[in-house]
Amino acid sequence: MAATVLIVEDQVLIAWHLADLVAGAGHRVLAMARDPAGAMEAAARERPDFALMDIRLHGGTSGLEAARMLFECWGVRSIFISANLDPATRAQTEALQPLGFVGKPFLPADVLAAVERAVKSISVQ
Amino acid sequence: MSETPETILNVNDNEAARYATTRILHRAGFKVLEAGTGGEALQIIREDLPPLVILDINLPDLNGVEVCRRIKTDPNTSSTMVLQMSATNIAVIDRVNSLAAGADSFLVEPVEPEELEAVSRALLRLYRSEAALRRALAERELLLKEVNHRVKNSLQLVLSMLSLQGHRFKEPETRELFAKAISRVTAIAAIHERLYQDADPLTVEMHTYLTGLGAELVRASGMEENAQARLQIEVEEMRLPTEHGVAVALVVNELVMNALKHAQPLSGPAVISVRLERHGNGQVRLTVADNGAAPEQPGSEVTGLGTQLIRMLARQLNGTVSIERAAGTYAVHVTFPLQSAVSWRPPY
(Lines give C-alpha, C1' and ligand atoms only; values in the text may rest on other atoms or scores of the structure.)
Protein backbone atom coordinates (compact mmCIF):
# COMPACT_ATOMS: atom_id res chain seq x y z
CA MET A 1 0.00 0.00 0.00
CA ALA A 2 1.27 3.45 -0.88
CA ALA A 3 0.84 5.80 2.07
CA THR A 4 0.54 9.57 2.22
CA VAL A 5 3.14 10.89 4.63
CA LEU A 6 3.51 14.28 6.28
CA ILE A 7 7.10 15.20 7.14
CA VAL A 8 7.56 17.58 10.06
CA GLU A 9 11.19 18.62 10.44
CA ASP A 10 12.60 22.12 10.84
CA GLN A 11 16.00 21.31 9.31
CA VAL A 12 15.25 21.56 5.62
CA LEU A 13 18.12 19.34 4.47
CA ILE A 14 17.03 16.53 6.74
CA ALA A 15 13.38 17.01 5.71
CA TRP A 16 14.40 16.81 2.08
CA HIS A 17 16.44 13.67 2.70
CA LEU A 18 13.45 12.05 4.48
CA ALA A 19 11.18 13.06 1.62
CA ASP A 20 13.58 11.45 -0.88
CA LEU A 21 13.57 8.23 1.12
CA VAL A 22 9.78 8.10 1.54
CA ALA A 23 9.17 8.89 -2.14
CA GLY A 24 11.86 6.40 -3.17
CA ALA A 25 9.96 3.67 -1.30
CA GLY A 26 6.88 4.42 -3.38
CA HIS A 27 4.94 6.54 -0.90
CA ARG A 28 3.60 10.04 -1.38
CA VAL A 29 4.96 12.99 0.54
CA LEU A 30 2.03 15.24 1.41
CA ALA A 31 4.17 18.16 2.59
CA MET A 32 7.30 19.13 4.47
CA ALA A 33 6.24 21.22 7.46
CA ARG A 34 8.66 23.08 9.70
CA ASP A 35 6.49 23.75 12.75
CA PRO A 36 3.18 22.78 14.39
CA ALA A 37 1.24 25.45 12.48
CA GLY A 38 2.62 24.26 9.15
CA ALA A 39 1.84 20.65 10.05
CA MET A 40 -1.78 21.52 10.94
CA GLU A 41 -2.22 23.58 7.81
CA ALA A 42 -1.01 20.75 5.59
CA ALA A 43 -3.13 18.16 7.40
CA ALA A 44 -6.21 20.38 7.22
CA ARG A 45 -5.96 20.43 3.43
CA GLU A 46 -5.51 16.70 3.16
CA ARG A 47 -5.27 14.07 5.85
CA PRO A 48 -1.97 12.16 5.83
CA ASP A 49 -1.88 8.48 6.79
CA PHE A 50 0.80 9.31 9.33
CA ALA A 51 3.58 11.79 10.06
CA LEU A 52 7.35 11.52 10.28
CA MET A 53 7.84 13.84 13.22
CA ASP A 54 11.02 15.42 14.58
CA ILE A 55 10.42 15.78 18.32
CA ARG A 56 12.49 18.94 18.71
CA LEU A 57 11.54 21.73 16.35
CA HIS A 58 13.34 25.06 16.77
CA GLY A 59 15.21 23.79 19.81
CA GLY A 60 12.08 23.08 21.82
CA THR A 61 9.78 20.10 22.12
CA SER A 62 7.16 21.50 19.76
CA GLY A 63 7.25 18.34 17.64
CA LEU A 64 5.34 16.75 20.49
CA GLU A 65 2.82 19.58 20.34
CA ALA A 66 2.41 19.12 16.58
CA ALA A 67 2.01 15.37 17.05
CA ARG A 68 -0.60 15.91 19.77
CA MET A 69 -2.66 18.27 17.61
CA LEU A 70 -2.53 15.93 14.62
CA PHE A 71 -3.56 13.03 16.84
CA GLU A 72 -6.31 14.83 18.75
CA CYS A 73 -7.87 16.56 15.76
CA TRP A 74 -7.69 13.79 13.21
CA GLY A 75 -6.24 10.69 14.84
CA VAL A 76 -3.09 11.05 12.73
CA ARG A 77 -0.26 9.15 14.43
CA SER A 78 3.48 9.76 14.14
CA ILE A 79 6.80 8.03 13.76
CA PHE A 80 9.06 10.04 16.03
CA ILE A 81 12.56 11.00 14.94
CA SER A 82 14.99 12.55 17.39
CA ALA A 83 18.60 12.77 18.44
CA ASN A 84 17.37 12.17 21.98
CA LEU A 85 15.14 9.18 22.53
CA ASP A 86 15.69 8.58 26.23
CA PRO A 87 12.94 6.82 28.21
CA ALA A 88 11.55 10.15 29.48
CA THR A 89 11.16 11.47 25.92
CA ARG A 90 9.51 8.24 24.76
CA ALA A 91 7.13 8.34 27.72
CA GLN A 92 5.93 11.79 26.64
CA THR A 93 4.73 10.35 23.34
CA GLU A 94 2.90 7.40 24.85
CA ALA A 95 -0.60 8.94 24.80
CA LEU A 96 -0.18 9.69 21.08
CA GLN A 97 0.11 6.00 20.17
CA PRO A 98 3.48 6.36 18.43
CA LEU A 99 3.97 4.28 15.30
CA GLY A 100 7.70 4.00 15.89
CA PHE A 101 10.93 5.72 16.87
CA VAL A 102 14.04 6.44 14.80
CA GLY A 103 17.20 7.85 16.36
CA LYS A 104 19.38 10.49 14.74
CA PRO A 105 21.71 10.19 12.97
CA PHE A 106 19.39 7.75 11.23
CA LEU A 107 20.19 4.90 8.93
CA PRO A 108 17.94 5.23 5.87
CA ALA A 109 17.20 1.51 6.29
CA ASP A 110 15.84 2.23 9.78
CA VAL A 111 13.59 5.01 8.49
CA LEU A 112 12.21 2.78 5.74
CA ALA A 113 11.72 -0.15 8.11
CA ALA A 114 9.78 2.14 10.47
CA VAL A 115 7.70 3.47 7.56
CA GLU A 116 6.86 -0.06 6.39
CA ARG A 117 5.87 -1.09 9.92
CA ALA A 118 3.69 2.01 10.18
CA VAL A 119 2.01 1.30 6.84
CA LYS A 120 1.27 -2.25 8.00
CA SER A 121 -0.12 -1.29 11.37
CA ILE A 122 -2.31 1.39 9.81
CA SER A 123 -3.74 -0.80 7.07
CA VAL A 124 -4.59 -3.48 9.67
CA GLN A 125 -6.85 -1.02 11.48
CA MET B 1 23.74 36.89 54.90
CA SER B 2 20.57 35.24 53.68
CA GLU B 3 17.39 37.28 53.93
CA THR B 4 15.01 34.49 54.86
CA PRO B 5 15.89 32.55 58.02
CA GLU B 6 16.85 28.92 57.46
CA THR B 7 14.43 26.30 58.72
CA ILE B 8 15.35 23.64 61.25
CA LEU B 9 13.05 20.79 62.30
CA ASN B 10 13.33 20.01 66.00
CA VAL B 11 12.19 16.46 66.84
CA ASN B 12 11.79 15.47 70.48
CA ASP B 13 8.93 13.81 72.38
CA ASN B 14 9.98 15.45 75.65
CA GLU B 15 8.20 18.79 75.60
CA ALA B 16 10.54 20.57 78.00
CA ALA B 17 13.65 19.50 76.13
CA ARG B 18 12.06 20.35 72.79
CA TYR B 19 11.12 23.81 74.05
CA ALA B 20 14.64 24.43 75.31
CA THR B 21 16.17 23.53 71.94
CA THR B 22 13.61 25.59 70.00
CA ARG B 23 14.38 28.60 72.21
CA ILE B 24 18.09 28.37 71.50
CA LEU B 25 17.46 28.08 67.76
CA HIS B 26 14.97 30.94 67.72
CA ARG B 27 17.46 33.18 69.50
CA ALA B 28 20.07 32.23 66.91
CA GLY B 29 17.67 33.52 64.24
CA PHE B 30 16.42 30.26 62.74
CA LYS B 31 12.87 29.38 61.83
CA VAL B 32 11.89 26.27 63.79
CA LEU B 33 9.40 23.51 63.01
CA GLU B 34 8.59 20.95 65.70
CA ALA B 35 7.62 17.28 65.80
CA GLY B 36 7.02 14.95 68.74
CA THR B 37 7.15 11.59 66.97
CA GLY B 38 9.19 9.93 64.24
CA GLY B 39 6.15 9.59 61.98
CA GLU B 40 5.29 13.24 62.33
CA ALA B 41 8.92 14.19 61.65
CA LEU B 42 9.08 12.14 58.43
CA GLN B 43 5.90 13.73 57.16
CA ILE B 44 7.13 17.27 57.81
CA ILE B 45 10.47 16.46 56.16
CA ARG B 46 8.77 15.15 53.02
CA GLU B 47 6.48 18.17 52.81
CA ASP B 48 8.67 21.07 53.92
CA LEU B 49 12.15 19.75 53.10
CA PRO B 50 13.92 21.57 55.95
CA PRO B 51 17.68 21.65 55.35
CA LEU B 52 18.46 20.48 58.91
CA VAL B 53 16.74 18.12 61.36
CA ILE B 54 17.72 17.90 65.00
CA LEU B 55 16.62 14.43 65.93
CA ASP B 56 16.31 12.93 69.42
CA ILE B 57 17.16 9.23 69.60
CA ASN B 58 14.36 8.21 71.98
CA LEU B 59 11.03 8.69 70.27
CA PRO B 60 7.76 6.96 71.17
CA ASP B 61 7.03 5.39 67.79
CA LEU B 62 10.19 4.98 65.73
CA ASN B 63 13.71 4.94 67.06
CA GLY B 64 15.61 8.12 66.05
CA VAL B 65 18.23 6.02 64.30
CA GLU B 66 15.52 4.42 62.17
CA VAL B 67 14.01 7.84 61.37
CA CYS B 68 17.47 8.98 60.25
CA ARG B 69 17.92 5.87 58.08
CA ARG B 70 14.60 6.55 56.35
CA ILE B 71 15.48 10.20 55.72
CA LYS B 72 18.83 9.25 54.21
CA THR B 73 17.59 6.37 52.04
CA ASP B 74 14.69 8.27 50.46
CA PRO B 75 16.16 10.04 47.39
CA ASN B 76 13.70 12.91 47.90
CA THR B 77 14.96 13.69 51.40
CA SER B 78 18.48 12.25 51.47
CA SER B 79 20.12 15.66 51.18
CA THR B 80 18.59 16.72 54.53
CA MET B 81 21.24 17.21 57.23
CA VAL B 82 20.61 15.20 60.39
CA LEU B 83 21.98 16.15 63.80
CA GLN B 84 21.25 13.32 66.19
CA MET B 85 20.85 14.19 69.89
CA SER B 86 20.59 12.04 72.94
CA ALA B 87 20.90 12.02 76.70
CA THR B 88 24.21 11.44 78.48
CA ASN B 89 23.58 7.84 79.36
CA ILE B 90 23.64 6.65 75.76
CA ALA B 91 26.03 3.88 74.91
CA VAL B 92 28.87 4.52 72.47
CA ILE B 93 27.43 1.84 70.19
CA ASP B 94 24.25 3.90 69.73
CA ARG B 95 26.23 6.93 68.65
CA VAL B 96 28.14 4.76 66.22
CA ASN B 97 24.89 3.24 64.94
CA SER B 98 23.30 6.58 64.38
CA LEU B 99 26.28 7.90 62.44
CA ALA B 100 26.33 4.66 60.46
CA ALA B 101 22.65 5.19 59.65
CA GLY B 102 23.65 8.43 57.95
CA ALA B 103 23.50 11.08 60.69
CA ASP B 104 25.80 13.98 59.85
CA SER B 105 26.72 14.76 63.44
CA PHE B 106 25.97 13.74 66.99
CA LEU B 107 25.59 15.75 70.21
CA VAL B 108 25.09 14.53 73.77
CA GLU B 109 22.71 16.45 76.00
CA PRO B 110 22.88 18.70 77.86
CA VAL B 111 24.34 20.90 75.13
CA GLU B 112 25.66 24.40 75.53
CA PRO B 113 23.55 26.80 73.41
CA GLU B 114 26.68 28.09 71.65
CA GLU B 115 27.69 24.59 70.65
CA LEU B 116 24.20 23.70 69.33
CA GLU B 117 24.14 26.91 67.31
CA ALA B 118 27.67 26.42 65.97
CA VAL B 119 27.07 22.81 64.96
CA SER B 120 23.75 23.79 63.32
CA ARG B 121 25.47 26.52 61.33
CA ALA B 122 28.24 24.16 60.25
CA LEU B 123 25.72 21.58 59.00
CA LEU B 124 23.70 24.24 57.17
CA ARG B 125 26.90 25.43 55.52
CA LEU B 126 27.56 21.88 54.36
CA TYR B 127 23.97 21.64 53.11
CA ARG B 128 24.37 24.82 51.07
CA SER B 129 27.62 23.75 49.45
CA GLU B 130 26.19 20.32 48.64
CA ALA B 131 23.12 21.98 47.12
CA ALA B 132 25.37 24.23 45.02
CA LEU B 133 27.29 21.15 43.78
CA ARG B 134 24.08 19.35 42.91
CA ARG B 135 22.87 22.36 40.95
CA ALA B 136 26.19 22.61 39.10
CA LEU B 137 26.05 18.90 38.28
CA ALA B 138 22.48 19.18 36.98
CA GLU B 139 23.55 22.09 34.77
CA ARG B 140 26.49 20.08 33.41
CA GLU B 141 24.23 17.14 32.67
CA LEU B 142 21.85 19.40 30.78
CA LEU B 143 24.75 20.89 28.86
CA LEU B 144 26.11 17.45 28.00
CA LYS B 145 22.70 16.37 26.77
CA GLU B 146 22.46 19.49 24.65
CA VAL B 147 25.93 18.94 23.16
CA ASN B 148 25.08 15.30 22.38
CA HIS B 149 21.93 16.47 20.67
CA ARG B 150 23.92 18.95 18.58
CA VAL B 151 26.57 16.38 17.63
CA LYS B 152 23.97 13.88 16.48
CA ASN B 153 21.98 16.48 14.62
CA SER B 154 25.10 17.79 12.87
CA LEU B 155 26.11 14.28 11.82
CA GLN B 156 22.60 13.84 10.46
CA LEU B 157 22.99 17.03 8.45
CA VAL B 158 26.28 15.75 7.01
CA LEU B 159 24.67 12.48 5.97
CA SER B 160 21.56 14.15 4.55
CA MET B 161 23.69 16.61 2.61
CA LEU B 162 25.84 13.83 1.11
CA SER B 163 22.77 11.79 0.21
CA LEU B 164 21.02 14.69 -1.49
CA GLN B 165 24.15 15.50 -3.43
CA GLY B 166 24.71 11.86 -4.38
CA HIS B 167 21.30 11.60 -5.98
CA ARG B 168 22.08 14.44 -8.35
CA PHE B 169 24.81 12.61 -10.24
CA LYS B 170 24.01 10.66 -13.36
CA GLU B 171 27.38 9.02 -14.09
CA PRO B 172 27.63 5.55 -12.51
CA GLU B 173 31.27 6.08 -11.42
CA THR B 174 30.50 9.29 -9.59
CA ARG B 175 27.42 7.77 -8.02
CA GLU B 176 29.50 4.86 -6.80
CA LEU B 177 32.19 7.10 -5.34
CA PHE B 178 29.54 9.04 -3.51
CA ALA B 179 27.81 5.92 -2.29
CA LYS B 180 31.14 4.74 -0.86
CA ALA B 181 31.73 8.03 0.92
CA ILE B 182 28.20 7.99 2.33
CA SER B 183 28.60 4.42 3.49
CA ARG B 184 31.86 5.24 5.29
CA VAL B 185 30.46 8.31 6.98
CA THR B 186 27.34 6.35 7.92
CA ALA B 187 29.41 3.70 9.68
CA ILE B 188 31.10 6.41 11.73
CA ALA B 189 27.95 8.43 12.43
CA ALA B 190 25.73 5.47 13.28
CA ILE B 191 27.67 4.73 16.45
CA HIS B 192 26.40 7.99 17.94
CA GLU B 193 22.81 6.91 17.63
CA ARG B 194 23.70 4.02 19.94
CA LEU B 195 26.14 5.44 22.46
CA TYR B 196 24.17 7.69 24.77
CA GLN B 197 21.08 5.55 24.99
CA ASP B 198 23.18 2.91 26.64
CA ALA B 199 24.04 2.60 30.28
CA ASP B 200 27.69 2.75 29.23
CA PRO B 201 28.60 5.42 26.67
CA LEU B 202 32.33 4.52 26.47
CA THR B 203 31.76 1.14 24.85
CA VAL B 204 29.46 -0.02 22.10
CA GLU B 205 27.44 -3.21 21.86
CA MET B 206 28.58 -4.68 18.56
CA HIS B 207 25.61 -6.90 17.78
CA THR B 208 23.06 -4.11 17.40
CA TYR B 209 25.58 -1.73 15.83
CA LEU B 210 26.69 -4.12 13.06
CA THR B 211 23.20 -5.52 12.49
CA GLY B 212 21.93 -1.98 11.90
CA LEU B 213 24.79 -1.16 9.55
CA GLY B 214 24.24 -4.43 7.71
CA ALA B 215 20.60 -3.57 7.08
CA GLU B 216 21.70 -0.21 5.72
CA LEU B 217 24.32 -1.80 3.43
CA VAL B 218 21.61 -4.12 2.09
CA ARG B 219 19.33 -1.17 1.44
CA ALA B 220 21.96 1.10 -0.09
CA SER B 221 23.25 -1.61 -2.43
CA GLY B 222 19.77 -2.50 -3.59
CA MET B 223 20.66 -6.17 -3.16
CA GLU B 224 17.23 -6.93 -1.76
CA GLU B 225 15.44 -5.95 -4.94
CA ASN B 226 17.71 -7.60 -7.47
CA ALA B 227 18.17 -10.69 -5.23
CA GLN B 228 21.71 -11.12 -6.52
CA ALA B 229 23.24 -11.06 -3.07
CA ARG B 230 22.38 -11.89 0.49
CA LEU B 231 24.01 -10.65 3.68
CA GLN B 232 24.24 -12.78 6.81
CA ILE B 233 25.38 -11.21 10.03
CA GLU B 234 26.39 -13.26 13.06
CA VAL B 235 27.78 -11.15 15.84
CA GLU B 236 28.40 -12.43 19.35
CA GLU B 237 27.14 -10.20 22.12
CA MET B 238 30.19 -8.16 23.04
CA ARG B 239 31.08 -4.63 23.95
CA LEU B 240 34.11 -2.95 22.44
CA PRO B 241 35.67 0.39 23.34
CA THR B 242 34.03 2.97 21.09
CA GLU B 243 37.11 3.66 18.93
CA HIS B 244 37.56 -0.08 18.32
CA GLY B 245 33.88 -0.44 17.51
CA VAL B 246 34.14 2.25 14.84
CA ALA B 247 37.28 0.65 13.37
CA VAL B 248 35.57 -2.75 13.15
CA ALA B 249 32.47 -1.20 11.57
CA LEU B 250 34.60 0.58 8.95
CA VAL B 251 36.45 -2.64 8.10
CA VAL B 252 33.12 -4.48 7.76
CA ASN B 253 31.87 -1.68 5.54
CA GLU B 254 34.88 -1.90 3.20
CA LEU B 255 34.87 -5.68 2.99
CA VAL B 256 31.13 -5.94 2.37
CA MET B 257 31.24 -3.22 -0.31
CA ASN B 258 34.14 -5.09 -1.90
CA ALA B 259 32.33 -8.40 -1.78
CA LEU B 260 29.22 -6.87 -3.31
CA LYS B 261 31.26 -5.67 -6.20
CA HIS B 262 33.52 -8.64 -6.78
CA ALA B 263 31.81 -11.75 -5.46
CA GLN B 264 30.67 -13.68 -8.49
CA PRO B 265 29.49 -17.13 -7.49
CA LEU B 266 29.38 -19.79 -10.16
CA SER B 267 25.68 -20.26 -9.51
CA GLY B 268 22.96 -18.66 -7.41
CA PRO B 269 23.13 -15.43 -5.47
CA ALA B 270 26.25 -14.18 -3.71
CA VAL B 271 26.09 -14.91 0.00
CA ILE B 272 28.18 -12.56 2.06
CA SER B 273 28.64 -13.37 5.72
CA VAL B 274 29.93 -11.17 8.50
CA ARG B 275 30.99 -12.84 11.72
CA LEU B 276 32.42 -11.32 14.88
CA GLU B 277 33.37 -13.79 17.59
CA ARG B 278 35.65 -14.42 20.53
CA HIS B 279 38.57 -16.41 19.28
CA GLY B 280 40.29 -17.74 22.40
CA ASN B 281 43.20 -16.18 24.23
CA GLY B 282 41.47 -12.85 24.60
CA GLN B 283 41.29 -12.38 20.84
CA VAL B 284 38.37 -11.33 18.72
CA ARG B 285 38.06 -12.44 15.12
CA LEU B 286 36.15 -10.63 12.43
CA THR B 287 35.42 -12.62 9.30
CA VAL B 288 33.85 -11.33 6.13
CA ALA B 289 33.40 -14.16 3.65
CA ASP B 290 31.60 -14.72 0.41
CA ASN B 291 30.90 -17.64 -1.87
CA GLY B 292 32.28 -15.98 -4.96
CA ALA B 293 35.44 -16.65 -6.85
CA ALA B 294 38.42 -14.92 -5.29
CA PRO B 295 39.51 -11.68 -6.92
CA GLU B 296 41.92 -12.79 -9.65
CA GLN B 297 44.85 -10.61 -8.84
CA PRO B 298 44.56 -8.14 -5.99
CA GLY B 299 47.23 -6.07 -7.71
CA SER B 300 44.97 -3.24 -8.70
CA GLU B 301 43.03 -3.46 -5.44
CA VAL B 302 46.07 -2.91 -3.25
CA THR B 303 46.22 0.70 -4.24
CA GLY B 304 42.50 1.19 -3.61
CA LEU B 305 41.49 3.32 -0.67
CA GLY B 306 39.39 0.46 0.69
CA THR B 307 42.33 -1.91 0.98
CA GLN B 308 44.49 0.77 2.55
CA LEU B 309 41.75 1.57 5.03
CA ILE B 310 41.44 -2.08 6.03
CA ARG B 311 45.19 -2.35 6.66
CA MET B 312 45.38 0.85 8.65
CA LEU B 313 42.32 0.09 10.72
CA ALA B 314 43.61 -3.44 11.45
CA ARG B 315 46.84 -1.85 12.64
CA GLN B 316 44.86 0.54 14.82
CA LEU B 317 43.16 -2.49 16.37
CA ASN B 318 46.62 -4.08 16.94
CA GLY B 319 45.30 -6.84 14.74
CA THR B 320 46.39 -8.96 11.82
CA VAL B 321 44.73 -9.52 8.47
CA SER B 322 44.67 -12.90 6.83
CA ILE B 323 43.04 -14.05 3.63
CA GLU B 324 41.64 -17.49 3.08
CA ARG B 325 40.97 -18.71 -0.43
CA ALA B 326 39.32 -21.99 -1.21
CA ALA B 327 37.13 -23.37 -3.92
CA GLY B 328 34.04 -21.20 -3.97
CA THR B 329 34.90 -19.11 -0.92
CA TYR B 330 36.90 -16.04 -0.21
CA ALA B 331 37.30 -14.96 3.40
CA VAL B 332 39.12 -12.11 5.06
CA HIS B 333 39.87 -12.42 8.79
CA VAL B 334 40.94 -9.62 11.06
CA THR B 335 42.07 -10.92 14.45
CA PHE B 336 42.72 -8.47 17.26
CA PRO B 337 43.04 -8.44 21.05
CA LEU B 338 39.82 -7.80 22.96
CA GLN B 339 40.70 -4.76 25.01
CA SER B 340 39.17 -4.57 28.42
CA ALA B 341 37.25 -1.39 27.88
CA VAL B 342 37.30 1.44 30.32
CA SER B 343 33.75 0.95 31.41
CA TRP B 344 31.57 3.64 32.84
CA ARG B 345 28.47 3.20 34.93
CA PRO B 346 26.39 5.95 36.44
CA PRO B 347 27.00 6.09 40.19
CA TYR B 348 23.36 5.48 41.07
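User: What is the order of the strands in the open sheet of chain A, and is the pairing parallel or antiparallel?

Analyst: Strands of a sheet pair through backbone hydrogen bonds, either parallel or antiparallel. In this predicted model, features described locally need pLDDT of at least 70 and side-chain atom pairs pLDDT 80 or more, while totals for chains, interfaces and linings use all residues. Residues are numbered from 1 along each chain as its sequence is written, and chains are lettered from A and ligands numbered from 1 in the order of writing. The open sheet of chain A has 5 strands in the order β2-β1-β3-β4-β5, with parallel pairing. Strands are DSSP runs of E of at least two residues, helices are runs of H or I of at least four, and both are numbered from the N terminus; two strands pair if DSSP finds at least two bridges between them.

User: Which strands of chain A are the edge strands?

Analyst: They are β2 (28-33) and β5 (100-103) of chain A, each pairing on one side only. Neighbouring strands are turned by 20 degrees against each other on average, direction ignored. Further in, β1 (residues 4-8) and β3 (residues 50-54) of chain A run parallel and are joined by 4 bridges; Val8(A) has Met53(A) in β3(A) as its bridge partner.

User: Which strands of chain A does α5(A) touch?

Analyst: Helix α5(A) packs on the sheet and touches β3, β4 (77-82) and β5 of chain A. Its direction makes about 175 degrees with that of β5(A); axes are lines fitted to C-alpha atoms, for helices over the stretch in contact, and angles run from 0 to 180 degrees between N-to-C directions. Contact means C-beta atoms, placed from the backbone, within 7 Å.

User: What is the strand order of the open sheet in chain B?

Analyst: The order of its 5 strands is β7-β9-β10-β12-β11, with mixed pairing. At the edges are β7 (229-235) and β11 (320-326) of chain B, and the twist averages 10 degrees from one strand to the next. An antiparallel pair is formed by β9 (residues 270-278) and β10 (residues 283-290) of chain B, with 7 bridges; there Glu277(B) is partnered by Arg285(B) in β10(B). Helix α7 (residues 206-221) of chain B packs on this sheet, touching β7 and β9 of chain B.

User: How many residues does each chain give to the contact?

Analyst: Chain A gives 19 residues and chain B gives 24 residues. On the side of chain A, α1 (12-24) and α5 (108-124) each give two or more residues, and α1(A) has the largest share, 5 residues.

Technical notes. Two residues are in contact if their C-beta atoms, placed from the backbone, lie within 7 Å.
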